Amino acid sequence: TPMNAILGYSQLMKKELTNPKLVHYQEMIEQSSQLLLSIINNVLDMARVESGKMELDENYVNIEDIRQRLFEMFEDEAKKKNIHVRYTFNVEHKHVMADVTKVEEIFVNILSNAVKYTPSNGSVEVNVDELSCDDPGYMIVRTTIMDTGIGMSQEYLEKIFESFSRERMTSSKISGTGLGMAIVKKYVDLLGGTIDI
């Protein structure tokens, strides 16, 4: 709540600023606040998961709405870096019951990494496919996310889902907590899914 207040007042202040130097300072405050908010949320999410108090909260959702929200969330950042983001969407059953918050958190973490670690003029591709499922009333969705990012070492792949782990060759240049992928793995397990890199 305090971080949201800082961000809110910072955005209100921006509307009143005319001095380019002060506008720049406000943008730096906003960027740092967004990063700090992300760190706080990751730490809180991890604490909830590890305490065993994380439960599923399933509600009705249209899968297309999730895709649209995610696209809008990363559209500006991708445009700034001239990264081409492409979605293909092959899903027959779009109306489902799911824990929307956790599903979106999984994809926010993965897509933010894809955009963050992909250099300018690169691409991020997201393919969503419904697979055949024998259980009546259930569906299986496979989402594949590919990017032209800087990649990671084979050794790091074995540690990517560990809390606070970061790839050594990139962590000094790009900000992050090393919690995002650990949270992704915990959520995927909780939702009964699998994740492979």
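**Close-up views of the packed helices and the sheet**

**View 1. Helices α3 and α4 are roughly parallel to each other.** The axes of α3 (residues 63-80) and α4 (residues 100-116) come within 11 Å and cross at roughly 25 degrees, where an axis is a line fitted to C-alpha atoms, for helices over the stretch in contact, and angles run from 0 to 180 degrees between N-to-C directions. Angles under 35 degrees count as roughly parallel, those over 145 as roughly antiparallel, those from 65 to 115 as roughly perpendicular, and the rest as oblique. The model is a predicted one, in which local features need pLDDT of at least 70 and side-chain atom pairs count only at pLDDT 80 or more, while totals for chains, interfaces and linings use all residues. Residues are numbered from 1 along each chain as its sequence is written, and side-chain values use heavy atoms, with hydrogens and water left out. α3 passes α4 in a right-handed crossing; a crossing is right-handed if the near helix is turned clockwise from the far one by less than a right angle, and left-handed if anticlockwise. From α3, the residues I66, R69, L70, M73, F74, E77 and A78 take part in the contact (heavy atoms within 4.5 Å), and from α4 they are V100, V103, E104, F107, V108, L111, S112 and V115. By class, this contact has eleven nonpolar, one polar and three charged residues, where Ala, Val, Leu, Ile, Met, Phe, Trp, Tyr, Cys and Pro count as nonpolar, Asp, Glu, Lys and Arg as charged, and the others, Gly among them, as polar.

**View 2. The protein chain has seven helices and five strands.** Helices (H or I, at least four residues) and strands (E, at least two) are DSSP runs, numbered from the N terminus. Read from the N terminus on, the elements follow one another as α-α-β-α-β-β-α-β-β-α-α-α, and the C-alpha trace spans about 60 × 40 × 40 Å along its principal axes.

**View 3. α4 also packs with helix α7 (residues 180-190), at an angle of about 145 degrees.** The two axes are 9 Å apart, and the crossing is left-handed. On the α4 side the contact is made by K102, E105, I106, N109, I110 and N113, and on the α7 side by G180, M181, I183, V184, Y187, V188 and L190. These residues divide into eight nonpolar, three polar and two charged.

**View 4. Helices α1 and α2 are roughly antiparallel to each other.** α1 (residues 2-16) and α2 (residues 20-50) pack at an angle of about 160 degrees, with their axes 10 Å apart, and α1 passes α2 in a left-handed crossing. In this contact M3, N4, I6, L7, S10, Q11, M13 and K14 of α1 meet Q26, E27, I29, E30, S33, Q34, L36, L37 and I40 of α2. Sorted by class, the contact holds eight nonpolar, six polar and three charged residues.

**View 5. An open sheet of three strands has the order β2-β4-β5, with mixed pairing.** Because β2 and β5 stand at the edges, each with a single partner strand, one side of each is left without a neighbour in the sheet. The twist averages 10 degrees from one strand to the next. Two strands pair if DSSP finds at least two bridges between them; β2 (residues 84-90) and β4 (residues 123-131) do so in the parallel sense over seven bridges, whereas β4 and β5 (residues 140-147) pair in the antiparallel sense over eight bridges. α4 lies across β2, β4 and β5, running at about 20 degrees to β5.

**View 6. F71 and Y87 form an edge-to-face aromatic pair.** A search of the whole structure finds one such pair, with 5.4 Å from centre to centre and 70 degrees between the planes. Rings of Phe, Tyr and Trp (its six-membered ring) pair if their centres lie within 6.5 Å, and planes under 30 degrees apart count as stacked, over 60 as edge-to-face and the rest as tilted. F71 lies in helix α3 and Y87 in strand β2, so the pair ties together parts that are 16 residues apart in sequence.

**View 7. N82 and N121 have a positive phi.** Most residues other than glycine have a negative phi. N82, in the loop between α3 and β2, is not a glycine and yet has a positive phi of about 55 degrees. N121, in the loop between α4 and β4, is likewise a residue other than glycine, and its phi is near 70 degrees.
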